[in-house]
Amino acid sequence: MSTNPIRPSNVKSVSGHQARLVFIVAAFLGLTIGIGESVLEYFGLRSSLFETTEKALQAFEKTASFAVVSQDLELATQIATGLLHFEAIISVELMDQTGAVLISEERTLTPEEDRWGPTLFPTITHAEAVELRDPAEPGVTVGFLRIQASSWQVSEEWEKRLVVALLSMMAGIAALAAILFFISQRYVTRPLLKLADAYRHLNADAPKQSPLPKASDYDFLEYREIAASGARLMRDITRNTEVRDLTASELFRSQKRFQDFAEISSDWFWETDRDGGISYISASFTKTLNKRSGEIYGRTLEETASEDANTAKWKGFNEIIEQRRQFRDFRYDIESQPGVRKTVSINGRPFYDEAGTFIGYRGTGADVTNERLIAEARNEALQRAENANRTKSEFLATMSHEFRTPLNAIIGFSSLLTLPNTRAMAVERLTEYSGAIHESGQHMLELVNDILDISAIEAGKRTLTLEEVGIGAVFTHSISQVEGLAKDKAIAISTSVEMASDLMIADERSVRQILLNLLSNAVKFTPAGGKILCTAEADGSEIIFRIEDSGVGISKDRLPTIAEPFSHSSIHPHVAKEGTGLGLSIVRSLTHFLGGTFMIDSEVGMGTCVTVILPRVGQDTSLTQDMDATD
């Protein structure tokens with residue numbers, strides 16, 4: 001048998017543990033059986049003892065009757081002595097019918113405290129008496145014979161037998177334990193130690209060089225099976241080691257390949273855990289978006305975004321994640337650095353472990369900021385093109401309408417004047433035709449002037465002539481131009497000019513054109529009986545002009561575009577003298593051209609208020625505008 005290896009002190013030996021267990025079990029079983037048999041024997045002896053004393057009492061009954069009748073003291077003494085020969089009887093008493101005691105004797109017993117047995121099984125005393133009959137007359141009682149029996153003899157005898165039984169049992173237990181220990185050592189411990197020694201020399205790192213245990217070295221089938229199983233295990237380890245080495249080599253090549261792809265790719269790879277937190281992200285992400293990995297790990301994809309996550313887009317994305325579905329080209333914005341927004345596109349799919357349990361998402365990501373910027377620029381260009389095309393269409397539609405109406409009037413009335421019978425017409429009719437032609441010509445001239453003005457202003461070709469302009473005077477002149485139309489519609493025009501005598505340095509023609517256009521619009525769109533309020537007030541270095549009417553008003557949705565060229569606010573676009581819709585556009589352009597501010601506030605049915613804020617001292621910007629236009 002091989003030498004046992006050194007083992008820690010707190011590790012138990014199977015041999016010693018087995019010996020202890022065998023001894024304890026054998027001792028427990030032996031003592032239990034021996035004590036049980038001794039107890040049963042004790043109760044059997046005690047029962048037999050009392051039966052014997054009863055029979056002895058019956059045997060001396062007749063002799064005791066003769067002794068009582070004859071008052072023979074010697075015979076009575078012999079009876080008592082004879083009964084006391086039975087060790088169970090400890091006292092004898094013989095008396096006549098009157099109660100006179102003829103003989104009374106007792107046995108001297110060993111004190112209870114001098115024996116250990118009675119403490120386990122106490123001594124039992126049994127009293128018994130028989131009536132003595134007259135031999136001549138059996139029906140007459142002549143006395144009594146009384147005895148007391150005790151189990152003291154059985155207790156003393158049982159003590160001796162118990163000691164002997166215990167000693168013999170201990171010897172038997174020791175012999176049985178030795179035999180069982182020898183058997184366990186021979187057929188269990190030694191073969192196990194031999195197997196352990198064989199397995200101890202196995203080397204899992206070099207299984208091919210390890211000596212395998214031989215099944216033929218063992219006599220019993222069970223140990224042969226263990227040895228054969230160990231040999232099969234080592235052969236399996238050998239094969240698994242070879243497979244492991246091949247797998248490790250392939251895994252290394254695969255990881256190196258993946259690492260190379262991840263480092264040179266402009267896209268990045270990412271992976272999340274089952275709770276959505278990012279658990280891996282490739283280095284391309286940090287290079288592309290200027291983010292450190294520590295800023296990303298543990299955060300969800302939603303938490304990396306710099307946009308509101310309560311939108312329908314993110315709610316739909318979260319539904320896809322909850323349903324464990326694959327997704328492609330999900331785009332959102334990330335703040336790569338303060339104030340710098342980049343757009344990324346990610347693709348992802350769920351992955352599971354061998355048991356089919358969901359453990360996260362993995363996928364790819366790419367920076368699509370340039371695509372977003374190109375798309376935004378393209379959309380903006382398309383929007384500008386659409387706006388320009390729409391403006392062109394509106395311009396052509398407006399011009400075709402606005403020019404056609406006065407031209408039709410001019411052509412029509414001039415045709416009438418060329419007819420042969422024109423000279424026969426009344427002077428009033430000729431005057432009417434001439435006036436219509438003149439009015440239509442004037443209207444066309446206004447249209448052409450408006451178009452030329454807005455074109456010059458937008459092209460930066462408008463020339464400013466700065467001079468002193470009386471604020472009250474320019475207001476009075478502008479109001480006088482529309483008073484006639486206002487009176488025809490019974491519109492009351494009131495003014496509130498705080499500095500009527502004050503002066504401002506500006507281009508007088510532009511200021512008059514601004515006020516005249518605003519007043520013309522106010523009169524045009526104010527119904528009969530309405531009111532127009534004109535105010536001018538100073539605010540530091542600025543002059544505030546405000547024209548407020550009680551006209552039809554402008555809807556909120558049209559306010560943002562009402563000052564665009566050719567935009568009409570009237571709900572009757574077929575009215576011939578409505579104009580080109582360039583009035584507010586000219587006002588806004590001239591206001592900006594003079595370095596001022598243009599504002600408009602209106603509500604349908606409540607009227608319109610237009611505010612123009614101009615600098616008290618203007619600057620000549622024509623040169624700058626020309627240079628801008630040239631550029």
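Because the model is predicted, local features need pLDDT of at least 70 and side-chain atom pairs count only at pLDDT 80 or more, whereas totals for chains, interfaces and linings use all residues. Residues are numbered from 1 along each chain as its sequence is written, and side-chain values use heavy atoms, with hydrogens and water left out. The secondary structure of the chain comes to 15 helices and 16 strands, where helices (H or I, at least four residues) and strands (E, at least two) are DSSP runs numbered from the N terminus.

**Burial and contacts across the chain**

- Of the 631 residues in the chain, 35% are buried, a class that means under 20% relative accessible area, with exposed set at over 50% and partly exposed in between (1.4 Å probe, protein chains only).
- The chain exposes about 37,200 Å², of which carbon and sulfur atoms supply 56%; such areas come from the Shrake-Rupley method with a 1.4 Å probe, and for residues only the protein chains shown count as cover.
- Where contacts (heavy atoms within 4.5 Å) join residues at least 6 apart in sequence, 63% of them link residues at least 24 apart.
- Serine 91, found in strand S1 (residues 89-96), is buried at a relative accessible area of 12%; leaving aside neighbours within four places in sequence, serine 91 is in contact with Leu84, Glu105, Glu106, Arg146, Ile147 and Gln148.
- Helix H14 (residues 583-593) is largely enclosed by the rest of the structure, because nine of its 11 residues are buried.
- The buried residues of H14 are Gly583, Leu584, Ser585, Ile586, Val587, Ser589, Leu590, Thr591 and Phe593, and H14 is followed by glycine 595, which has a positive phi near 85 degrees.

**Salt bridges**

- The whole structure contains 11 salt bridges, each being a side-chain nitrogen of Lys or Arg within 4 Å of a carboxyl oxygen of Asp or Glu.
- Asp329 and Arg331 belong, with Glu371, to a network of salt bridges.
- Arginine 372 and glutamate 376 form a salt bridge at 3.1 Å, N to O, and both lie in helix H10 (residues 369-417), four residues apart, about one turn of the helix.
- An α-helix has 3.6 residues a turn, so residues three or four places apart point the same way.

**Nonpolar surface patch**

- Leu176, Ile179, Leu180, Phe182, Ile183, Tyr187, Val188, Leu192 and Phe220 form a nonpolar patch on the surface, with about 750 Å² of accessible area together.
- Patches are made of residues with over 30% relative accessible area and no salt bridge, with like charges joined within 9 Å and nonpolar side chains (Val, Leu, Ile, Met, Phe, Trp, Tyr) within 5 Å.
- Tyrosine 187, one of the patch residues, lies in helix H5 (residues 152-200) and is partly exposed, with a relative accessible area of 37%.

**Cavities and a pocket**

- On a 1 Å grid over the protein atoms alone, a cavity is a set of points where a 1.4 Å probe fits but cannot get out, and a pocket is an open set with protein on both sides within 12 Å along at least five of seven lines; lining residues have an atom within 4 Å of a point.
- Grid points are joined across faces, edges and corners, and a volume is the space filled by probe spheres set on the points.
- Two cavities of 30 Å³ or more are found in the whole structure, and the largest cavity has a volume of about 70 Å³.
- Residues lining the largest cavity include Trp268, Trp270, Phe285 and Tyr332, and strand S5 (268-272), strand S6 (278-281), helix H8 (301-304) and strand S7 (327-337) each supply at least two residues of that lining.
- The second largest pocket has a volume of about 290 Å³ and is lined by 18 residues, of which Asp275, Gly276, Thr300, Asn318 and Ile321 lie nearest its centre.
- Elements giving two or more residues to the lining of this second largest pocket are S5, H8, helix H9 (312-322) and strand S9 (358-367), and H9 gives the most, with four residues.
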